[in-house]
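Subject: Structure for you to look at

Hello,

I am passing on a structure that I would like you to open beside this message. Please read the notes below slowly, with the model in view.

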Amino acid sequence: MSKTKQKILDASRKLFNEKGVSPITLRDIAEKVGISIGNLAYHYKNKDYIILELFENMEEEKTAILSGVQQIPSFVNIDRQVAPLLDISKKYRFFFLDSVQILRNYPLIAEKHKAYINDSIKYVKAVLDYSVGSGNMKPEEEEGLYWRLATTAWMNLYFWPAHMAIRGKQDPTMSEVKNMMWDVIRPYLTEEGRANFNKKIKNVQHATS
């Protein structure tokens, strides 16, 4: 990628994060970068292409984070990924705040994003299944319960930027976000699982603090 294209993407992302997608024009982006509209249009003929490329960059960054841990679906591995995933949510904050608008207006992004969501929930479900098999979680009491639980845990991570913006609050601390995610899972742990969970997660958090 050329330096000019990277500057355009960085400037667009910052403007979208500050003001949302709709109000920002190509002129705004060109002025932010310090180039002419003609030069910008040479690289991206309209705003749609910029949004699409930013989305693809975001997905590539997420995939890079998750690809190293999916072979061992454990609480420790998923806990370690919370911080870098939240950093991505902050970096591309506009997407999470304007997601409904973006997904309505960009069907290609909507289709790709749907696949990512399904993969993310499947990964959390794999962690739950792994934990049941290892004796750390109780067996599923009714069919579909742990799929719903996986979906809820994913929602806590995905929607926190919009949640905080709607309530007019500052971003939560990392421990608060992790607690919101783990609180929905703790009631389903066995006694052994609760002891192992507290020991392993505390060790991870202590090592990364």
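This is a predicted model: local features need pLDDT of at least 70, side-chain atom pairs count only at pLDDT 80 or more; totals for chains, interfaces and linings use all residues.

Residues are numbered from 1 along each chain as its sequence is written, and side-chain values use heavy atoms, with hydrogens and water left out.

**Helix packing**

Two packed helices are described by the angle between their axes and the distance between the axes. Helices here are DSSP runs of H or I with at least four residues, numbered from the N terminus, and an axis is a line fitted to C-alpha atoms over the stretch in contact, with angles running from 0 to 180 degrees between N-to-C directions.

Helix α1 (residues 3-19) packs with helix α2 (residues 26-33) at an angle of about 120°, their axes being 9 Å apart. That makes α1 oblique to α2, where oblique is what remains once angles under 35 degrees (roughly parallel), over 145 (roughly antiparallel) and 65 to 115 (roughly perpendicular) are set aside. The contact, meaning heavy atoms within 4.5 Å, is made by residues including Ile8, Leu15 and Phe16 of α1 and Ile29 and Val33 of α2. By class, this contact of α1 with α2 has six nonpolar, one polar and four charged residues, where Ala, Val, Leu, Ile, Met, Phe, Trp, Tyr, Cys and Pro count as nonpolar, Asp, Glu, Lys and Arg as charged, and the others, Gly among them, as polar.

The axes of α8 and α9 come within 9 Å and cross at roughly 120°, and these two helices are therefore oblique to each other. Among the residues that meet are Ile117, Ile121 and Leu128 in α8, and Trp147, Leu149 and Trp154 in α9. The residues of the contact of α8 with α9 divide into 12 nonpolar, three polar and two charged.

**Salt bridges**

The structure holds eight salt bridges, each being a side-chain nitrogen of Lys or Arg within 4 Å of a carboxyl oxygen of Asp or Glu. One of them joins the side chains of Asp10 and Arg13 at 3.7 Å, N to O, and both residues lie in helix α1, three residues apart, which is about one turn of the helix. An α-helix has 3.6 residues a turn, so residues three or four places apart point the same way. Asp10 is partly exposed at 27% relative accessible area, whereas Arg13, at 13%, counts as buried; buried means under 20%, exposed over 50% and partly exposed in between, with a 1.4 Å probe and protein chains only.

Glu56 forms a salt bridge with Lys112, the closest N and O atoms being 2.8 Å apart. This pair links distant parts of the chain, with Glu56 in helix α4 (residues 47-67) and Lys112 in helix α8 (residues 107-133), 56 residues apart.

**Buried residues**

In helix α10 (residues 160-167), the residues Trp160, Pro161, Ala162 and Met164 are buried, and the buried residues of α10 pack against α5 (75-91), α6 (93-97) and α9 (145-158). Ser89 lies in helix α5 and counts as buried at 6% relative accessibility. Leaving aside neighbours within four places in sequence, Ser89 is in contact with Phe96, Trp160 and Pro161. Gly168 follows α10 and has a positive phi, near 65°.
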